[in-house]
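Dear colleague,

Please find below the structure that I am handing over to you, together with its sequence.

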Amino acid sequence: MSSGEATGYLHGYTDVERDRLRRQARFLEPMVHDRLPYRRRKKLLEVGSGVGAQTEILLRHFPELHVTGIELNEEQIAEARRFLATVPWATDRWTVVKGSAAQLEFGAETFDSAFLCWVLEHVGDPARVLSEVRRVLVPGASIVCNEVLNATFFIDPYSPDTLRYWTAFNEQQIDSGGDPFIGAKLGNLLQSVGFRDIVTEVKTFHLDNRAPAERAEFLAYWTELLLSGAPAVLASGRVSQETVDGMRNELARVARDPNSVFFYSFVQARARAW
């Protein structure tokens, strides 16, 4: 496995996880896919295309686009192909191939746009991946990267088991070769490999009594996200089953609390290749 390949993915590749990824993509669609710069673009490279969840949204939003997805995991590739074959508006508009993002098997200036979503947090050498993406983009091509910034997570009422688990989750990702704080570094990374016109936007979920239904929905999604990493974190020995059970109970209590607060931010970066 080369240094740029996925190493820090904690969630596994089960059927349950594949379903979660599709629900996650739809749930976050209004923020991730807001005003993306792909009008009149024809050939987009999606790095880490997974189960095709983001691919479907991109094809729905941009009818002239053809998406080429690159993915390492063969089970994810098979699921993406199965899923996209059922999407009427996706017919003849996508390709999903197996390969390493750190060594793209495409010629220079093959694509006029690129999209990465929750990918760089899982790779050992994000600069190498971005350098490869830049190589295969034509001059003036648009790139959009969405990445986590896990230091921003906050909930109230105070939930010690959840915070203990969250620290262990992040440490496990770092030790596995990923970076749970990479969102804050996107500007530096993109600049370091030659992208220009770089703009970063912090996108925040700040949910309280002003939007109780959305808060409850997001807490359910967040609980599912955290629990998806529990087998890997438990196997590392960083937390006990008691802590995981405590986290589950705390999140359920937070969801029921009429005055609870949820806060989290991620970073979306946009740039151009030159």
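Does T243 count as buried or exposed? The model is a predicted one, and in it T243 has a relative accessibility of 9%. Residues under 20% are classed as buried, and T243 therefore counts as buried.

The surroundings of T243 may be described next. This residue is found in helix 9. Once its neighbours within four places in sequence are left aside, T243 is in contact with D161, R164 and Y165. P160 lies 83 residues away from T243 along the chain, and the C-alpha atoms of these two residues are separated by 9.1 Å.

These residues lead to the packing of two helices. Two packed helices are described by the angle between their axes and by the distance between those axes. For helix 5 (residues 160-175) and helix 9 (residues 241-256), the angle is about 125° and the axes are 7 Å apart. Helix 5 is therefore oblique to helix 9. The crossing in which helix 5 passes helix 9 is left-handed.

Which residues meet where helix 5 and helix 9 are in contact? Helix 5 contributes P160, D161, T162, R164 and Y165, while helix 9 contributes T243, V244, G246, M247, E250 and L251. Sorted by class, the contact of helix 5 with helix 9 comprises 5 nonpolar, 3 polar and 3 charged residues.

Another helix deserves a separate remark. Helix 2 (residues 53-61) is mostly covered, with 7 of its 9 residues buried. The buried residues of helix 2 are A53, Q54, T55, E56, I57, L58 and L59.

Finally, I turn to the chain as a whole. The protein chain contains 9 helices and 8 strands. Its C-alpha trace spans about 50 × 40 × 35 Å along the principal axes. A compact globule of 274 residues would have a radius of gyration near 19 Å, and the protein chain, at 19 Å, therefore agrees with that expectation. Of the 274 residues, 54% count as buried. As for contacts in the protein chain between residues at least 6 apart in sequence, 82% join residues at least 24 apart.

Yours sincerely

Conventions
Residues numbered from 1 in each chain as written. Predicted model: local features only at pLDDT ≥ 70, side-chain atom pairs only at ≥ 80, totals over all residues. Heavy atoms only, no water. Axes fitted to C-alpha atoms, helices over the stretch in contact; angles between N-to-C directions. Helix = DSSP H or I, 4+ residues; strand = E, 2+ residues; numbered from the N terminus. Parallel < 35°, antiparallel > 145°, perpendicular 65-115°, else oblique. Left-handed = near helix turned anticlockwise from the far one by under 90°. Contact = heavy atoms within 4.5 Å. Nonpolar A, V, L, I, M, F, W, Y, C, P; charged D, E, K, R; others polar. Rg over C-alpha atoms; globule rule 2.2 N^0.38 Å. Buried < 20%, exposed > 50% of the residue type's maximum accessible area, 1.4 Å probe, protein only.
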